[in-house]
Number of protein chains: 2
Amino acid sequence: MGNFENVSIVKKANIYFEGKVTSRVVLFHNGEKKTLGIMLPGEYEFGTELKELMEITAGNLDVKLPGNDEWVNFTGGSEFEVPANSSFKLIVKETTDYCCSYIKE
Amino acid sequence: MGNFENVSIVKKANIYFEGKVTSRVVLFHNGEKKTLGIMLPGEYEFGTELKELMEITAGNLDVKLPGNDEWVNFTGGSEFEVPANSSFKLIVKETTDYCCSYIKE
């Protein structure tokens with residue numbers, strides 16, 4: 001778990017769905033970008049531009065990835081990838097703390 | 001507004017009130033500590049150990065500071081201080097993005 005060291009963090013939050021989903025941007029010296037976010041219970045759909053790695057720090061959610069008909073459950077300590085230029089659906093069952101990495105291919 | 005540069009951020013969020021209040025700890029090289037947080041609409045009471053400077057980045061809330069009988073309204077761009085070892089009440093009217101600085105006296 002731990003910390004991200006020697007990073008920049010954008011002071012202003014990204015706020016979606018009236019605050020039920022929020023995130024903060026973390027920038028690394030090597031140009032890498034991650035967001036640290038919170039999702040409250042609810043149903044959401046998000047689009048990607050870059051490939052994303054979603055690491056679930058804590059929480060409980062079902063995810064339907066692009067091209068899949070099945071919902072897959074994720075909890076704290078698990079992760080999933082989302083392809084670039086796609087969209088995915090989430091049913092958040094318990095408040096979820098996540099780290100999203102944006103991956104240039 | 002801008003960014004905090006060359007800081008550490010704790011990956012795991014602090015989650016209060018079932019996720020209606022969340023924050024992330026930002027640590028500075030000089031030992032200073034701030035939290036960046038989100039409060040969804042609701043009524044809350046918080047206690048302080050250190051003196052706190054609360055900067056409201058965005059949002060709308062009423063605050064009753066210790067020793068005061070009156071509620072005072074704050075919106076984005078405003079700030080207030082809370083004495084050490086005290087408690088204060090908040091009525092958050094709109095999702096509020098804040099930065100809290102912990103001040104050693």
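This is a viewer tour of a predicted two-chain model, stop by stop.

Residues are numbered from 1 along each chain as its sequence is written, and chains are lettered from A in the order in which they are written. Local features need pLDDT of at least 70, side-chain atom pairs count only at pLDDT 80 or more, totals for chains, interfaces and linings use all residues, and side-chain values use heavy atoms, with hydrogens and water left out.

**Stop 1: both chains**

Show chains A and B together. A rotation of 180° with 0.0 Å of shift along its axis puts chain A on chain B, with an RMSD of 0.0 Å. That is the relation of a two-fold axis.

**Stop 2: the interface**

Select the contacts between the chains (heavy atoms within 4.5 Å). 33 residues of chain A are in contact with 33 residues of chain B. The copies meet through the same surface, because 100% of the interface residues of chain A are also interface residues in chain B.

The buried area is about 2,700 Å², and carbon and sulfur atoms give 58% of it. Buried area here is the accessible area (1.4 Å probe) that two parts lose on being put together, summed over both. Pick out A:Ile9, A:Lys11 and A:Arg24. These supply 27% of the area that chain A buries against chain B, more than any other three residues.

Next, go to B:Lys11 and A:Glu55. Their side chains meet in a salt bridge at 3.4 Å, N to O. The term means a side-chain nitrogen of Lys or Arg within 4 Å of a carboxyl oxygen of Asp or Glu. Between chain A and chain B the count is four salt bridges.

Color chain A by element. Strands are DSSP runs of E, at least two residues long, numbered from the N terminus. S1(A) gives the most to the side of chain A that touches chain B, with eight residues.

**Stop 3: strand S4 of chain A**

Select residues 33–39 of chain A, strand S4. Six of the seven residues are buried (under 20% relative accessible area, 1.4 Å probe, protein chains only).

Which strands pair with S4(A)? S3(A), residues 21–27, is one, antiparallel over seven bridges. S9(A), residues 87–103, is another, also antiparallel over seven bridges. Pairing requires at least two DSSP bridges between two strands.

On the S9(A) side, A:Met39 has A:Thr96 as its bridge partner. Then follow the hairpin of S3(A) and S4(A), with five residues between the strands. A:Gly31 in the turn has a positive phi of about 90°.

**Stop 4: A:Asp62**

A:Asp62 lies in strand S6 of chain A. A:Asp62 is buried, at 13% relative accessible area. Its side chain makes a polar contact with the side chain of A:Asn73 at 2.9 Å. A polar contact is a pair of N or O atoms within 3.5 Å; within protein, one must be able to donate a hydrogen and the other to accept it, and residues adjacent in sequence count only if both atoms are side-chain atoms. A:Asp62 also touches other residues, including A:Trp71, A:Lys89 and A:Ile91.

**Stop 5: B:Phe88**

Finish in chain B. B:Phe88 lies in strand S9 of that chain. Buried or exposed? B:Phe88 is buried, with a relative accessible area of 3%. Among the residues that B:Phe88 touches are B:Tyr44, B:Phe46, B:Val63, B:Leu65 and B:Phe80.

Notes
Least-squares fit on C-alpha atoms with pLDDT ≥ 70 in both. Buried < 20%, exposed > 50% of the residue type's maximum accessible area, 1.4 Å probe, protein only. Helix = DSSP H or I, 4+ residues; strand = E, 2+ residues; numbered from the N terminus. Lists of a residue's contacts leave out its neighbours within four places in sequence.
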